[in-house]
Amino acid sequence: MRKDIEKLISEMTLEEKAGLCSGIDSWHTMPVNRLQIPSIMMTDGPHGVRKERDDTEKGLLSTPSYPATCFPTASALACSWDTELMRKLGETLGDECLASGVSILLGPGVNIKRSPLCGRNFEYYSEDPFLAGKLAAGLINGVQSKGVGTSLKHFAANNQETQRLTTDTIVDERTLREIYLTNFEIPVKEARPWTVMCAYNKLNGEYCSENKRLLTDILRGEWGFDGFVMSDWGAVNERDDGVLAGLDLEMPSGGEDSLNKIVAAVKSGKLPESTLDAAVGHILEKVFEGTENIRKNAAYDKQEHHELARSIAGECMVLLKNDGVLPLERKGTLAVIGAFAEKPRFQGGGSSHITPTVLSIPLDEIKKSAGGGVTVTYCEGYRLDEEQADDFGTGFESLSDIPDEKLIAEAAEAAAKADKTVVFLGLPDIFESEGYDRTHMRLPLGQLELLDAVAKKSKNIVVVLMNGSPVEMPWLESVNGVLEAYLGGQAVGGAVADILFGDVNPSGKLAETFPMKISDNPSYLYFPGMRNKAEYREGIFIGYRYYEKKQIAPLFPFGFGLSYTTFAYTGIETDCNEIDDDGAVTVKVTVKNTGRVAGKETVQVYVRDVLSTVPRPEKELKGFTKVSLEPGEEKTVSFALGKRAFAFWDEETNDWQVEAGEFEILAGGSSAETPLRKTVIVNSSYVKKVHFTRNSTIGDVLADTVGYGILAEIAGEELIKSLPPFVLQLPLRSIHMHMPEMNDEAIAGLTDVLNS
Ligand code: BGC
């Protein structure tokens, strides 16, 4: 801790210290005027700066926010698979924070997409913790390079909105470490966020806001976090227990009750004052850093940021299907159908909802981009709700769920007359939002009926989707192209037009699996849980880890995305064939643009443990990089794979361990297509510790080298080698049936030798 901060704390009264551990309102830390301790401001986040007009207002989302650039939301951003792009975005958000006097941006949200139904998936990156963690690290590094802090949220295992403030996430330690903590661990270690926001839910019986193991032992102790932990808004249960556990700041203001609880806990000896001092110190470090970094006349160029939002959106959209209908030619007739073409859905509802500086309308941008050579007609096709959810969703029925026969007939007629048809579909605001989960994966009924009617009249249909999370596509065969635009931010219109006309070659790849139907998803049987418990019974097998293992074909696999060009994976090499688990292997992958236009390809590297004593996924993502290639160009990219690329979380040693043996390194353009493979041997000193008892089986003993030697001596090696499977399963205590001399005493002697 800085010396001047230590001194300040020594001058503070107990009440001042307790007061500083809570916000003064919804968005500011508590100042202490007597000691010239300033207050800093924080705002949501994560894909734009949501600074409310009355920023001292106590209620949540109570006043409209000042305009700020609305970038694509996280589920879109993740499809860029581009950490540099995330950094650039972070720098830009940092500039906008400085221009608004904001010291901490409340994001990124890295929670794992356990189920496509989570209402807040649009705000999260991926089903894969490595991808989510790396992208978050990129964004944090960018924002913080400007002297503005971030808040990595929501820590941890907060993967649904149903009963989000009270539900208890029940998850085993291995799954927690491999899936639901790795996404936090990577950015904490690689980007050192100023703050971490604890989640609303309980984790294995204890609120995250008072979970010492999570907030102190793991976050600070194991990962070296040195910022402050703040609560999600209203996540505090018992404030004194929170401080004890490592929750430094309560947001928003906890009022007199919180202050009194902390003071009483210190006075009664329940809460050591040194623990309170540490919390105050963590907060003050960042309060002073934030204050020093505020620049009075900071400003940014709105147009420049809008252009950036457009190019970022172009890097994120995923071309899911194209039978040759795209890119569109700049001639003939084009029917543009669907109300989203005029009123795009470009962000999600809830705390991340911001007021854009400007909004680019897809229909206008298509007309502009098409130029004079194309005759464009437009039909609404379905109705959108008057009331858009700019707040937490309201749960009312959506108008677009009710087919409008007149609008549908008009659209079908327009499609029949046009050479090509672009249909804008997607999820209306009330279908997905912070605050509640979806109950199904279908598009609104009015849109489905519209598409059905249009598909009967046109043989050249492109669907553009605007949604924050996967939808089912029983209609896929009836269309010629599908562009997944996700929630593309305020420049969505321009970005869609860029891709439709081929000015931008699509390069997004899915950061989540699109299942055929929701019941294929591994969490389906347990989501969102009952009686205030969400049991993660599917364990580590979520997303592609599950679909690959079960050989369930998804609609679109993790990592998938098409381009207007083609790529060939032409070579894989490693710098050695064998490593120790504390070493690293360098993998080189060569990829070639085999098509006729320039394009970008995301090279993905997965690792598979060939043989293991614990269940492991068929493959796990351990490296990725986006490469830009001219037609005919070939590039080689390299990846370093260290221990963590091969390790699993071992619950017995409570640590990451590698089981020695063969590992396959797989490379390709999606989780389902990894044409390149190379085997490496990893040596490891880790051996699964077995404690032998009279209930250990003969098979267990024979698997141990010493045990094998002893039994071979007693029974003869020939006999041992020919033992049938049922004998291998006999516990030692039953051998006496076949070998009377193996009585209890002899068995005890044997297990003693083996255990020593
Ligand atoms: C959300 C957080 C957000 C906070 C402040 C909460 O409801 O869960 O993500 O940062 O509100 O708006």
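Which of the 13 residues around the ligand come nearest? The notes below start there.

1. **Basis.** This is a predicted model; local features need pLDDT of at least 70, side-chain atom pairs count only at pLDDT 80 or more, and totals for chains, interfaces and linings use all residues. Residues are numbered from 1 along each chain as its sequence is written, and side-chain values use heavy atoms, with hydrogens and water left out.

2. Asp44, Arg120, Lys153, His154 and Asp232 come nearest, out of 13 residues around the ligand. A residue is near a molecule if one of its heavy atoms lies within 4 Å of it.

3. The side chain of Asp44 has an N or O atom 2.4 Å from a ligand oxygen. For Asp232, the corresponding distance to an oxygen of the ligand is 2.7 Å. A polar side-chain atom of Tyr200 sits 2.9 Å from a ligand oxygen. Taken alone, the ligand exposes 310 Å², and the protein buries 100% of that. Accessible areas come from the Shrake-Rupley method with a 1.4 Å probe; for residues, only the protein chains shown count as cover.

4. **Helix H10.** Helices (H or I, at least four residues) and strands (E, at least two) are DSSP runs, numbered from the N terminus. H10 covers residues 273–293, 21 residues in total. From first C-alpha to last it reaches 30 Å, close to the 30 Å expected at 1.5 Å a residue. That expected span is 1.5 Å times one less than the number of residues. Its buried residues (under 20% relative accessible area; exposed is over 50%, partly exposed in between; 1.4 Å probe, protein chains only) include Leu276, Ile283, Lys286 and Phe288.

5. **Helix H4.** H4 spans residues 83–100 and has 18 residues. Its reach is 25 Å, close to the 26 Å expected. Among its buried residues are Leu85, Met86, Glu96 and Cys97. H10 and H11 are among the elements that cover the buried residues of H4, as are helix H3 (74–77) and helix H5 (129–144). At the start of H4, a side-chain oxygen of Asp82 comes within 3.1 Å of the backbone nitrogen of Glu84. Gly101 follows H4, with a positive phi near 70 degrees.

6. A salt bridge here is a side-chain nitrogen of Lys or Arg within 4 Å of a carboxyl oxygen of Asp or Glu. The count comes to 56. Lys7 pairs with Glu11, with the closest N and O atoms 3.0 Å apart. Both lie in helix H1, 4 residues apart, about one turn of the helix. Lys7 is exposed at 53% relative accessible area, while Glu11 is partly exposed at 35%. Glu410 and Lys406 also form a salt bridge, at 3.5 Å, N to O. This pair lies in helix H13 (residues 405–417), again 4 residues apart. Glu410 is partly exposed at 36%; Lys406 is exposed at 59%.

7. Lys626 and Glu315 meet at 3.1 Å, N to O. Lys626 lies in strand E22 (residues 620–629) and Glu315 in helix H11 (residues 302–316), so the pair ties together parts 311 residues apart in sequence. Both residues are buried.

8. **Pro252.** Pro252 lies in the loop between H8 and H9. It counts as buried, at 19% relative accessibility. Its contacts (heavy atoms within 4.5 Å) include Ser22, Asp25, Trp233 and Gly234, not counting residues up to four places away in sequence.

9. **Asp609.** Asp609 is in strand E21 (residues 599–609). It is buried, at 9% relative accessibility. Its side chain makes a 3.3 Å polar contact with that of Arg616. Beyond four places in sequence, Asp609 touches Arg616, Glu659, Glu662 and Phe663.

Key
Polar contact = N/O pair within 3.5 Å; in protein donor to acceptor, adjacent residues only side chain to side chain.
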